Amino acid sequence: MPSLLEVAKTNPFSKPAVADQGLVEFGSTEYYAKCMIGGAASCGITHTAVVPLDLVKCRMQVDAAKYPSLGQGMKVTIAEGGVKALARGWAPTLIGYSMQGCFKFGFYEIFKNVYGGIMGEENAFLYRTSLYLIASASAEFFADIALAPMEAVKVRIQTSDYSSTLRDCFPRMKAEEGTGTFYKGLKPLWMRQIPYTMMKFACFEKTVEAIYQYVVPKPREQCSKSEQLMVTFAAGYIAGVFCAIVSHPADSVVSVINKDPSKSAGQILKEMGPKGVWKGLGARIIMIGTLTALQWFIYDGVKVALRLPRPPPPAMPESLKKKLGIQE
């Protein structure tokens, strides 16, 4: 059984254009551990920074009459609780999304290399979009299990008067409703996050390829680190817009189910109707577009800071070029 390190060396995603000295070895335990640190930082910081937007978006989904728009939602929230009310739920957001980011990005790197090794170098290149999709879906499956308890607490704090702090809400929910209440929203969370993450990673990877191929006037290896990070930010924002759209109906269900755990996802969808599930989409596009761009920017920045190799977009293997009769 080959090790993860051996597998990582035999796929088209592992080969930096230049063998840089002093970098962490690609595919090593240290490499994956530092990717997890980068993922935790990128998701924890960004989701916490947009808590005010997230809070109003959740309230629009569960009480459209009182919070009819993003601007009006902000005004009502501040009028009732002051500016500090916009920060409700920041603690479970920071903890939950740091845990989610750790698994999302770290496991994506692992699964991409493992699945790429199983497929073989040529197939991994030819079917790389499918590889991005299945690797990201696998990673998000585990990431959501880590996120679910804090997501349940966050939504309860933001959308009801049940409690206003993590230290009070978490033990109270556990004592009154049992541990299962924290996973009541797990299936809708998978419905929201797995399509979101598949779009996030696949769209990002393909957009980066397209930007370097059609927009940037020089090869990636000739770009400075700051130029590369700007490409990362642009590709991340484009991916984020698509992410928000594909995952929004399930996001609406998650918001309602965590406010009222007695309802099933099917009941909620029926009550909301085709129009209701899209309530709050504008706010979420702004939030998720910015969020996704910043996440990729921070993740790539951490990779630079921790001296992790950042391979260029995958190139066609030499063996495949020979089979197809492609000459340089």
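The face of helix 11 turned away from its buried side carries two exposed residues, Lys270 and Pro274. Here exposed denotes over 50% relative accessible area, buried under 20%, and partly exposed the range in between (1.4 Å probe, protein chains only). Helices are DSSP runs (H or I, at least four residues), numbered from the N terminus. The model is predicted: local features need pLDDT of at least 70, side-chain atom pairs count only at pLDDT 80 or more, and totals for chains, interfaces and linings use all residues. Residues are numbered from 1 along each chain as its sequence is written, and side-chain values use heavy atoms, with hydrogens and water left out.

**Helix 11**

- The buried residues of helix 11 are Ile268, Met272 and Gly273.
- Seen down the axis of helix 11, these buried residues fall within an arc of 145 degrees, so they line one face of the helix; the arc is that of the directions from the helix axis to the C-beta atoms.
- Helix 11 (residues 265-276) spans only 14 Å between its end C-alpha atoms, whereas a straight helix of 12 residues would span 16 Å at 1.5 Å a residue. The expected span is 1.5 Å times one less than the number of residues.

**Confidence**

- The protein averages a pLDDT of 87, and 93% of the residues score at least 70; pLDDT is the predictor's confidence in each residue, from 0 to 100.
- Confidence is lowest in helix 1 (residues 4-8), with a mean of 59, and highest in helix 5 (residues 90-119), at 96.

**Helix 3 and Lys57**

- The buried residues of helix 3 include Val51, Leu53, Asp54, Lys57 and Arg59.
- The end C-alpha atoms of helix 3 are 16 Å apart, which agrees with the 16 Å that its 12 residues should span at 1.5 Å a residue.
- Lys57 lies in helix 3 (residues 51-62) and is buried, with a relative accessible area of 2%.
- Leaving aside neighbours within four places in sequence, Lys57 is in contact (heavy atoms within 4.5 Å) with Asp251, Ser255, Gly280, Arg284 and Met287.

**Salt bridges**

- The structure holds 15 salt bridges, each defined as a side-chain nitrogen of Lys or Arg within 4 Å of a carboxyl oxygen of Asp or Glu.
- Glu140 forms a salt bridge with Lys104, and their closest N and O atoms are 3.0 Å apart. This pair links distant parts of the chain, with Glu140 in helix 7 and Lys104 in helix 5, 36 residues apart; both Glu140 and Lys104 are buried.
- Glu109 forms a salt bridge with Lys303, with the closest N and O atoms 3.1 Å apart. Glu109 lies in helix 5 and Lys303 in helix 12, so the pair ties together parts that are 194 residues apart in sequence. Glu109 and Lys303 are both buried.
- Arg192 forms a salt bridge with Glu151, at 3.3 Å between the closest N and O atoms. The pair links distant parts of the chain, Arg192 being in helix 9 (residues 186-215) and Glu151 in helix 7, 41 residues apart. Arg192 and Glu151 are buried.

**Thr159, in helix 7**

- Thr159 lies in helix 7 (residues 128-159) and counts as buried at 10% relative accessibility.
- A polar atom of the Thr159 side chain lies 2.6 Å from the backbone oxygen of Val155.
- Apart from neighbours within four places in sequence, Thr159 is in contact with Cys58, Arg59, Val62 and Lys259.
- The C-alpha atoms of Thr159 and Ile288 are separated by 20 Å, the two residues being 129 residues apart along the chain.

**Glu205, in helix 9**

- Glu205 is found in helix 9 and counts as buried at 15% relative accessibility.
- Setting aside neighbours within four places in sequence, Glu205 is in contact with Tyr108, Lys112 and Tyr132.
- Glu205 and Ala235 are 30 residues apart along the chain, and their C-alpha atoms are separated by 8.0 Å.

**Arg307, in a loop**

- Arg307 is placed in the loop between helix 12 (281-305) and helix 13 (318-324).
- Phi of Arg307 is near 60 degrees, a positive value in a residue other than glycine.
- Arg307 is partly exposed, with a relative accessible area of 43%.

Notes:
A polar contact is a pair of N or O atoms within 3.5 Å; within protein, one must be able to donate a hydrogen and the other to accept it, and residues adjacent in sequence count only if both atoms are side-chain atoms.
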